[in-house]
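Hi there,

Here is the structure I promised to pass on. Have a look at it first, and my notes follow below.

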Amino acid sequence: MVRDAQKDSDIQWRHGSNYSSVIYRGDEVKLEDIRECLGAMEDETVSLLEDQLLLGHHFPLDIPSLKDDLGQKDPGYSLFSEERNLSSLGDEDALLAYIINTPSLRQEFILRIDSNHIQWNLPRLHTWLAGFARLDMLCLLQVLMSGGAPARATELMGMLRQNSSQGMERSLRILGGQSVVLMVTYNKMRTQESRDRRIPHPLPAALAAVMLMKEALCRPFAQICVHQLYKDEAITNLHRYCLFVDRKQNFTGDQITAELRKWTKKHLGAKLGVAAW
């Protein structure tokens with residue numbers, strides 16, 4: 001009898017709320033508070049990207065003109081290696097060039113340049129990379145909260161920005177010529193079906209733009225940072241292939257849950273981790 005008994009639900013619709021509020025383990029969670037939480041998260045994300053990582057400079061990207069060959073499975077292929085996108089994305093080292101060509105930033109980031117060899121200010125690179133890891137975390141949380149049915153943490157952390165040499169396919173794609181999506185690999189049924197399922201999670205317009213900008217403009221400079229700071233090819237490869245990286249390692253499920261609980265406690269009044277969400 002104990003084994004067969006159903007577990008009571010943790011969630012009930014609040015009576016009279018017109019399906020706009022639920023009771024979760026005694027706490028009321030309103031849909032309007034979820035919208036407020038996502039809005040605050042988006043504001044911090046955009047501010048972090050534009051002010052701290054892109055250093056207040058506007059780098060134009062022609063996002064509507066981007067092309068995507070969905071059938072291309074060659075190792076290394078991505079939106080950012082597609083030849084037809086090069087003019088739309090601009091130089092992948094645009095941020096590096098901006099730092100070198102701006103005297104105040106050159107003094108801030110670089111100690112000396114000798115015969116085309118750059119001696120970097122490593123503490124400044126570490127600070128920039130920490131900000132980039134923060135951006136990755138914020139984007140990951142927004143994917144979890146606003147991209148349709150939530151994926152498991154392990155599925156989110158394994159998403160790639162480009163095809164790997166081991167046959168794993170990239171996650172960031174453009175469907176229908178305009179919809180930016182993350183293809184999440186659902187592997188829970190692998191044993192029964194002998195294959196993984198690929199489920200598209202559509203991204204809101206603002207998050208889609210941030211994802212494309214962080215990968216096109218920030219990720220190349222992040223690879224320079226990790227190479228200078230850690231001198232470890234495995235860490236550099238994490239930034240070469242993965243969409244979400246915590247400086248020199250993948251995020252953990254505990255990290256994602258802890259950060260999500262901070263946001264939901266502040267805006268929803270209830271601590272919700274990945275599983276609860």
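Is R247 buried, partly exposed or exposed? R247 counts as partly exposed, at 30% relative accessibility. For that scale, buried means under 20% relative accessible area, exposed means over 50%, and partly exposed is in between (1.4 Å probe, protein chains only).

Before I go on, a word on the model. It is a predicted one, where local features need pLDDT of at least 70 and side-chain atom pairs count only at pLDDT 80 or more, while totals for chains, interfaces and linings use all residues. Residues are numbered from 1 along each chain as its sequence is written, and side-chain values use heavy atoms, with hydrogens and water left out.

Back to R247, which is found in the loop between α9 and α10. Helices (H or I, at least four residues) and strands (E, at least two) are DSSP runs, numbered from the N terminus. The phi of R247 is positive, near 60°, although the residue is not glycine. Its side chain also meets that of D246 in a salt bridge, at 3.5 Å from N to O. A salt bridge here is a side-chain nitrogen of Lys or Arg within 4 Å of a carboxyl oxygen of Asp or Glu. D246 itself is buried, with a relative accessible area of 10%.

Salt bridges that share partners also join D136, R161, K214, E215 and R219 into one network. The search of the whole structure finds 17 salt bridges. One of them links R14 with E28, whose closest N and O atoms are 3.6 Å apart. R14 lies in the loop between β1 (11–13) and β2 (21–24) and E28 in strand β3 (residues 27–30), so the pair ties together parts that are 14 residues apart in sequence. R14 is partly exposed at 39% relative accessibility, and E28 is partly exposed with a relative accessible area of 30%. Another bridge joins E82 to R84, with the closest N and O atoms 3.0 Å apart. There E82 is buried, at a relative accessible area of 9%, whereas R84 is partly exposed at 49%.

Now for the helices. Helix α1 (residues 31–53) has 23 residues and reaches 32 Å from its first C-alpha to its last, close to the 33 Å expected at 1.5 Å a residue; the expected span is 1.5 Å times one less than the number of residues. Its buried residues are D33, I34, C37, M41, T45, L48, L49 and L53. They pack against β3, α3 (94–101), α5, α8 and α10 (253–268), with contact meaning heavy atoms within 4.5 Å. After α1 comes L55, which has a positive phi near 60°.

How do α5 and α8 pack, and at what angle? Helix α5 (residues 122–146) and helix α8 (residues 205–230) pack at about 145°, with their axes 9 Å apart. Axes are lines fitted to C-alpha atoms, for helices over the stretch in contact, and angles run from 0 to 180 degrees between N-to-C directions. By class, the contact of α5 with α8 has 18 nonpolar, four polar and three charged residues. Ala, Val, Leu, Ile, Met, Phe, Trp, Tyr, Cys and Pro count as nonpolar, Asp, Glu, Lys and Arg as charged, and the others, Gly among them, as polar.

Last, K231 sits in the loop between α8 and α9 (233–241). K231 is exposed at 58% relative accessibility, and its phi is positive, near 50°.

Best wishes
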